[in-house]
Amino acid sequence: MHIDHVRENNLIDQKRTSVLFTDLYFFNGEICDQTGLPRRVQVRLRCSMRSGTHMNMLTMYLEEPAVCEYRFTVESALFCMVLKEVDEFGIPMTSLQQIIEMMNEEEDRYKEKQRRMTEERDEREARKTAGGGGK
């Protein structure tokens with residue numbers, strides 16, 4: 001359905017290989033009581049480049065631009081890596097296994113950074129205590 005929608009609406013981007021966001025389209029949901037039509041949703045995966053954003057953090061929000069038509073946006077630093085390689089339909093080429101590996105590597109880097117910060121703090125406190133900076 002997503003690929004058909006992209007083709008029908010001329011949304012194909014042959015030159016696009018890396019993006020900050022991509023939209024995925026889902027159709028034929030439950031019938032909407034107000035319109036009598038199937039519900040539709042656009043899922044936007046967005047690269048979050050806010051400083052200090054941890055890989056496991058994400059922001060989500062839901063909009064209803066028209067009755068029974070929804071836009072669900074998910075922002076995460078993880079998507080910056082996932083969206084490095086997309087096809088002409090905007091579908092990420094990264095496999096689930098690659099995503100898991102990237103998350104594990106990022107978590108390892110985060111833990112290492114926390115460990116170094118703790119060691120540096122402990123060393124400063126030890127120097128302060130040894131130098132009579134206690135009281």
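Me: How many disulfides does the structure hold?
Reply: The structure holds two disulfides. A word on the source: this is a predicted model, in which local features need pLDDT of at least 70, side-chain atom pairs count only at pLDDT 80 or more, and totals for chains, interfaces and linings use all residues. Residues are numbered from 1 along each chain as its sequence is written, and side-chain values use heavy atoms, with hydrogens and water left out.

Me: Why is the link of C32 to C68 called a disulfide?
Reply: The term asks for a pair of cysteine sulfur atoms within 2.5 Å. The S to S distance of C32 and C68 is 1.9 Å, so the pair qualifies as a disulfide. This link is right-handed, with 60° about the S-S bond. C32 sits in the loop between β1 (21-26) and β2 (40-47), and C68 in the loop between β3 (58-66) and β4 (69-76); the pair links distant parts of the chain, 36 residues apart.

Me: What makes C32 count as buried?
Reply: Buried means under 20% relative accessible area, exposed means over 50%, and partly exposed lies in between (1.4 Å probe, protein chains only). C32 has a relative accessible area of 1%, so C32 is buried.

Me: What is the pairing of the bonded cysteines in sequence order?
Reply: Numbered that way, the bonded cysteines of the protein chain pair as 1-3, 2-4.

Me: Which elements does the protein chain have, and in what order do they run?
Reply: The protein chain has three helices and four strands. Helices (H or I, at least four residues) and strands (E, at least two) are DSSP runs, numbered from the N terminus. From the N terminus on, the elements run α-β-β-β-β-α-α.

Me: What share of the protein chain is buried?
Reply: Buried residues make up 27% of the 135 residues in the protein chain.
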